[in-house]
Amino acid sequence: MSAAELTPVLTGKLEQRQQLSPVQRHSLEILALPLAALETKLAQEFAVNPVLEEVPPESAGDLPEEGRPGDAEDENDYERNAACADEWADELPLPGSAPSGGAERDDAAADPLGNSPAPPPSLKTMLLAELNCANCPEKLFPPAVEIISALNDDGLVASNLADIAMASDADMDDVLAALRLVQNIAPAGVAARDVSESLKLQLERRGQLTPVLAKLLTEGREDLEKNRLPALCAKLDVSPAELEEMLKLLRTLDPAPGRERRPEVAAVLPDIEIVRTEDGGYRTVVRREFRSRVAVSPLYEKLLERPDLSGEDRAYLTEKINRAREFVQAMTLRESTLKRIGDVIIAEQRDFLDRGVRELKPMTMKQTAAQLDLSESTVSRAVAEKFAATPQGMFPLRFFFSGGYHSENGSEVAAQAVKEQIRRAIAAEDPAAPLSDDALAGLLKRSGLSVARRTVAKYRESMRIPASSLRRKHF
């Protein structure tokens, strides 16, 4: 091959690509936020941008949809709110100046994250502190530290004890002694080597560990996991009633004693409400906490018109006002998009709103995007992690978007409605003879829906319902 044939050649190619502007990216970011995160974002914006102001609900209700305080068309409101701007101008905070009243600016007050309480110490940190106060023998300290370091999120020892012995340069007797020490200073069940040992430690701490319970946790775990209760009774030589009492006791224990328990959320905040109107129809209400709006302060815009404003102050105000306008525009776009999506749900899912989940119709994001002249990705962002309050209860917005089936009578049934039929059938089954996936598929076929057995199994698993063999009650 000649050298000329190996000569590299540069070629050019023209192509068109759509690039999002910073404003568009900001709008999509705000659109994707669920209500709770939006409130946090709003607090952060108020903390860093003095130009933003919150309009009380009674004032927001009087504002025209096409204009907000600070918009060019809103001249009457602008003049009314800025009537005393000249007198107040010197009191408004600018870069490098203190707020009105002469008080020094408190940076901590403008930092929501800085003011939040410190998280509680981790389990490992707590155990290391306990170990230092436990009068631990010197030779047990290194393996005890290694054991604490080896705890997983459930509080169980994730490493082999032989590896811990090697890492801490200790013999196995010392490692076992260190393990028992850590188990004694830890919450009940923590630092066990598996779930069975963890449950034993919890029962031991309560004084409820009996030989038969120890045998159940040691030799009967597989039978228990596979719901082979008659075989377990024979293995333990106990009656069904005695076994049921033991299982009741085991259900009071924690299989993951080291896992952090986060406080339960008091309530889900709906991003939209679909409410019934007096004439029997429905309408969409986009929610925000306190039902208020954000706006650009007209006082700062008036201040920007002052001829004696320094160049530094003018640049600062211009940047803050532009950022505030972008934020207000993004909030308005979010509200508009969610309302339009809610209106589509009302139009397409009237039967569901009237009668419940079994009447849900198939509806896809692609179809909704086409109706609203939006991209499918925009609709996906708009519904992600958001909830709708409806006359039938609270539902994730994604709940309304799924494929479906054509029944024998020609009607369309959403996949969520099929799941609901499966759930109801299982709830009504005979516990001694639970319905198999084949039997569930047969029930659906008799109701006019042809759903494959593997699809039934997939739907059942998505609802976290165990298989029929695990649902059977033996006594």
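**Entry 1. Burial and overall make-up**

I start with the term: a residue is buried when its relative accessible area is under 20%. I am working on a predicted model. By that cut-off, 39% of the 475 residues of the protein count as buried. I then looked up the secondary structure and found 24 helices and eight strands.

**Entry 2. Confidence**

I checked the pLDDT before reading any detail. The average for the protein is 81. A score of at least 70 is reached by 79% of the residues. One stretch needs a note: over residues 60-114 the pLDDT is below 50. Beyond near neighbours in sequence, that stretch still has 59 contacts in the model.

**Entry 3. The sheet**

I asked in what order the strands of the open sheet lie. The order is S3-S2-S5-S6, four strands with mixed pairing. Strand S3 (282-286) and strand S6 (393-396) are the edge strands, each pairing on one side only. From one strand to the next, the twist averages 20°. I also found a helix against this sheet. Helix H17 (residues 311-348) packs on it and touches strand S2 (272-276) and S3. The direction of H17 makes about 155° with that of S3.

**Entry 4. Strand by strand**

I went through the pairs in turn. S2 and S3 are antiparallel, with five bridges. They form a hairpin, and five residues lie between them. In the turn, Gly280 has a positive phi of about 90°. I noted two of the facing residues. Glu273 has Val285 in S3 as its bridge partner, and Val275 stands opposite Arg283 in S3.

S2 also pairs with S5, this time in the parallel sense, over two bridges.

Then I took strand S5 (residues 387-390) and S6. They run antiparallel and are joined by four bridges. Phe387 stands opposite Pro396 in S6.

S3 is an edge strand, and I wanted to know how many of its five residues are buried. The count is four, so S3 is largely enclosed by the rest of the structure.

I picked helix H9 (residues 161-168). Its buried residues are Leu161, Ile164, Ala165 and Ser168. They span an arc of only 100° around the axis, so they sit on the same side of H9. Met166 and Ala167 are exposed on the other side. What covers the buried residues? The cover includes helix H8 (141-149) and helix H10 (172-185).

**Entry 5. Cysteines**

I searched the whole structure for disulfides and found zero. Cys133 has 70% relative accessibility and counts as exposed, because exposed means over 50%. Cys136 has 16% and counts as buried, because that is under 20%.

**Entry 6. Positive phi**

Most residues other than glycine have a negative phi. I noted two residues with a positive one.

Asn227 has a positive phi of about 60° and is not a glycine. It is found in the loop between helix H13 (221-225) and helix H14 (229-236). Is Asn227 buried or exposed? Asn227 is buried, with a relative accessible area of 12%.

Asp237 is not a glycine either, and its phi is positive, near 60°. The loop between H14 and helix H15 (240-250) holds Asp237. Its relative accessible area is 70%, so Asp237 is exposed.

**Entry 7. Asp430**

My last stop was another loop. Asp430 lies between helix H21 (415-427) and helix H22 (437-446). Its relative accessibility is 45%, so Asp430 counts as partly exposed. I then looked up the separation of Asp430 and Arg472. They are 42 residues apart in sequence. In space, their C-alpha atoms are 8.6 Å apart.

Definitions and conventions:
Residues are numbered from 1 along each chain as its sequence is written. This is a predicted model: local features need pLDDT of at least 70, side-chain atom pairs count only at pLDDT 80 or more; totals for chains, interfaces and linings use all residues. Side-chain values use heavy atoms; hydrogens and water are left out. Two strands pair if DSSP finds at least two bridges between them. Axes are lines fitted to C-alpha atoms, for helices over the stretch in contact, and angles run from 0 to 180 degrees between N-to-C directions. Contact means heavy atoms within 4.5 Å. Buried means under 20% relative accessible area, exposed over 50%, partly exposed in between (1.4 Å probe, protein chains only). pLDDT is the predictor's confidence in each residue, from 0 to 100. A disulfide is a pair of cysteine sulfur atoms within 2.5 Å. The arc is that of the directions from the helix axis to the C-beta atoms.
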